[in-house]
Amino acid sequence: MLEWLIKFQRMDRRWVFLGMAIAIFIPLVFPLQLPFRVDKEVRDVYRQVEKLPEGSAVLISADFDPASVPEIGPFFTTHLHHLFRRNLKPVLVTLWPTAIPLVLPEIKAIAKTYNKKYGEDFVFLGYKEGKELVIKNIGQNIFQQFPTDYDGTPLPDLPIMQGRRQAKDFPLIVSISAGFPGLNEYVLQIQGQYNLNMVGVCTAVGGPDYIPFYKSGQLKGLSMGMPGSAQYEKLVWKDKPAPGVKLLATAAMDVLNLGHVFIIVLIIMGNIAFFITRRIEEA
Amino acid sequence: MRTTLPLIITFIVGVFMLGEFFIPHWYYQHIKTLVLEFGTVIAGVAFLLGVINLTQVNLPRVLERQPDWIYKAIMLGSMVVTTFFGFWEAGPRMEDGMVYKWLFDFLLVPLNATMFSLLAFYIASAAFRAFRARNAEATVLLVAACIVMLARVPIGEQIPVIGSYLSVFQNWLMDVPNVAARRAIFVGAALGAIATGVRIILGIERSHLGSD
């Protein structure tokens, strides 16, 4: 018995990997589709968009890479649908070079389904290196930081940019961030200085870092990781997505369900084995 | 002079940038924007330095066939190939049919996603080994982790009787102890950053000049 318990505690990690793989695989084949609640933080993100008057422009900083797409990509997609559906105008920038091929085809494809015109209803300003300096310049003067959009059109020639020279000219700023530079830097560099109306989207692991900003009112809403994206999908689509739209984060919640349960069961079993072993050894 | 001039520049730029928050005059703000633009340009040039540094460090190790030279060769090769196609296929725009786009879609995306996905497996293994209730502190950490993990997914809400309480307790953990600890860290880090900033501006801290 003792020997078996010690072996269990020191089992080859490949068994754990196998168990995790099974926990991920099962819900992909047999979806559980359990209902879930919507957190106040995510509801606040939704409300911030809902209360904007039609025709308003929203500055989106899409700062993520392929690794974080499963978590925050579904939010980005749903957010664009939400904005276009409400006739709002997204102005996109990115501080991550790896984000360009992820965000540009997405916004162009979604804009097409709503018959939105590039330059009038949406625009992509592209990527700029400089991290916090770029953020600082976005707060001060976007035209100076991005003289042209991604396609090389001068910003003054774009109808969507008329009267929108700096961050405070946008009634809402959305930072979709997988790390540095991103949400933290936007809050530190320009949110406080210009008192910007801002919401944040982050990975689950980064969530606890940004909750203090939400609690202090610096962020008006916050979506954390895959659960946040799934909750936002639920708010925007009310369980009835438009034809062709897939609720990726909602589907992925099943994987999280069993994955988390598997880890908790492992921890409990490990502790039971630990206590029994210790008691036997003490005896 | 090699030390004095950078110290003078650091002092002038540091004090000037601090003034931004106190002097709203348009010309001052205009100069500040220009200085920020210099910074962006310098950051761009730093990329070039990065490439040179990476080559300087890794190329000799590849040529001398030092341990793990093959990984360094792959890294340098990838850098050269990606940079070549990036320039050859005309600038930063990526379109279907480009080799540069192919490299991104079929190499970077799957590799990047794989690296991040592996975390799930390693976290499961690490949690199994590390989360042991050996003492009171470890037990608190263990219980808090399990509650947050369970309450963050729908299955936690479905547990009879305790499901709704789990969510309330998870919110309390995230909103009270977590926020308190994070704020303490933020304030401490901010005070440290202010102190370091003042030391650099005044020339007391000189490690950025390459001296002690």
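**Entry 1: a strand pair in chain A**

I looked up the bridge partner of A:Ala57 and found A:Lys89, in strand 2 of chain A. I take helices (H or I, at least four residues) and strands (E, at least two) as DSSP runs, numbered from the N terminus. Strand 1 and strand 2 of chain A pair in the parallel sense, over five bridges; two strands pair if DSSP finds at least two bridges between them.

I note that this is a predicted model, in which local features need pLDDT of at least 70, side-chain atom pairs count only at pLDDT 80 or more, and totals for chains, interfaces and linings use all residues. Residues are numbered from 1 along each chain as its sequence is written, while chains are lettered from A and ligands numbered from 1 in the order in which they are written.

**Entry 2: burial of strand 2**

How many residues of strand 2 of chain A are buried? I count a residue as buried if 20 or more other C-beta atoms lie within 10 Å of its own, as exposed if 12 or fewer do, and as partly exposed in between, with C-beta atoms placed from the backbone. Six of the six residues of strand 2 of chain A are buried, so the strand is largely enclosed by the rest of the structure.

**Entry 3: the nonpolar cores**

I define a nonpolar core as a set of buried Ala, Val, Leu, Ile, Met, Phe, Trp, Tyr and Cys residues joined through C-beta atoms within 7 Å. The largest such core has 69 residues, and those with the most contacts inside it are A:Val58, A:Leu92 and A:Ile176. Helix 4 (residues 69-85) of chain A gives the largest share of this core, seven residues.

I then listed the contacts of A:Val58, where two residues are in contact if their C-beta atoms, placed from the backbone, lie within 7 Å. Leaving aside neighbours within four places in sequence, the partners of A:Val58 include A:Leu83, A:Leu88, A:Phe170 and A:Val174. A second, separate core has 25 residues, among them A:Val16, A:Met253, B:Ala151 and B:Val153.

**Entry 4: helix 5 of chain A**

The 14 residues of helix 5 of chain A should span 20 Å, and the end C-alpha atoms are 20 Å apart, which agrees.

Which residues of helix 5 of chain A are buried? They are A:Ile100, A:Leu102, A:Val103, A:Ile107 and A:Ile110. Seen down the axis of helix 5 of chain A, the buried residues fall within an arc of 160°, so they line one face of the helix; the arc is that of the directions from the helix axis to the C-beta atoms. The buried residues of helix 5 of chain A pack against strand 1 (57-63), helix 4, strand 2 (89-94) and strand 3 (123-127) of chain A. The face turned away from the buried side carries the exposed residues A:Ala109 and A:Lys112.

**Entry 5: where the chains touch**

I find 45 residues of chain A in contact with 43 residues of chain B. Of the side of chain A that touches chain B, the largest share, 14 residues, comes from helix 11 of chain A. The residues of this side divide into 25 nonpolar, eleven polar and nine charged. Here Ala, Val, Leu, Ile, Met, Phe, Trp, Tyr, Cys and Pro count as nonpolar, Asp, Glu, Lys and Arg as charged, and the others, Gly among them, as polar.

On the chain B side I looked up B:Asn178, in helix 8 (residues 177-201) of chain B. B:Asn178 counts as partly exposed because it has 19 C-beta neighbours inside 10 Å. Not counting residues up to four places away in sequence, B:Asn178 touches A:Pro208, A:Ile211 and B:Leu173.

**Entry 6: backbone exceptions**

Most residues other than glycine have a negative phi, and most peptide bonds are trans. The peptide bond from A:Phe180 to A:Pro181 is cis, with omega near -10°. A:Pro181 is found in the loop between strand 4 (172-177) and helix 8 (183-194) of chain A. The phi of A:Gln33 is positive, near 50°, and A:Gln33 is exposed, with 12 other C-beta atoms within 10 Å.

Technical notes: The expected span of a helix is 1.5 Å times one less than its number of residues.
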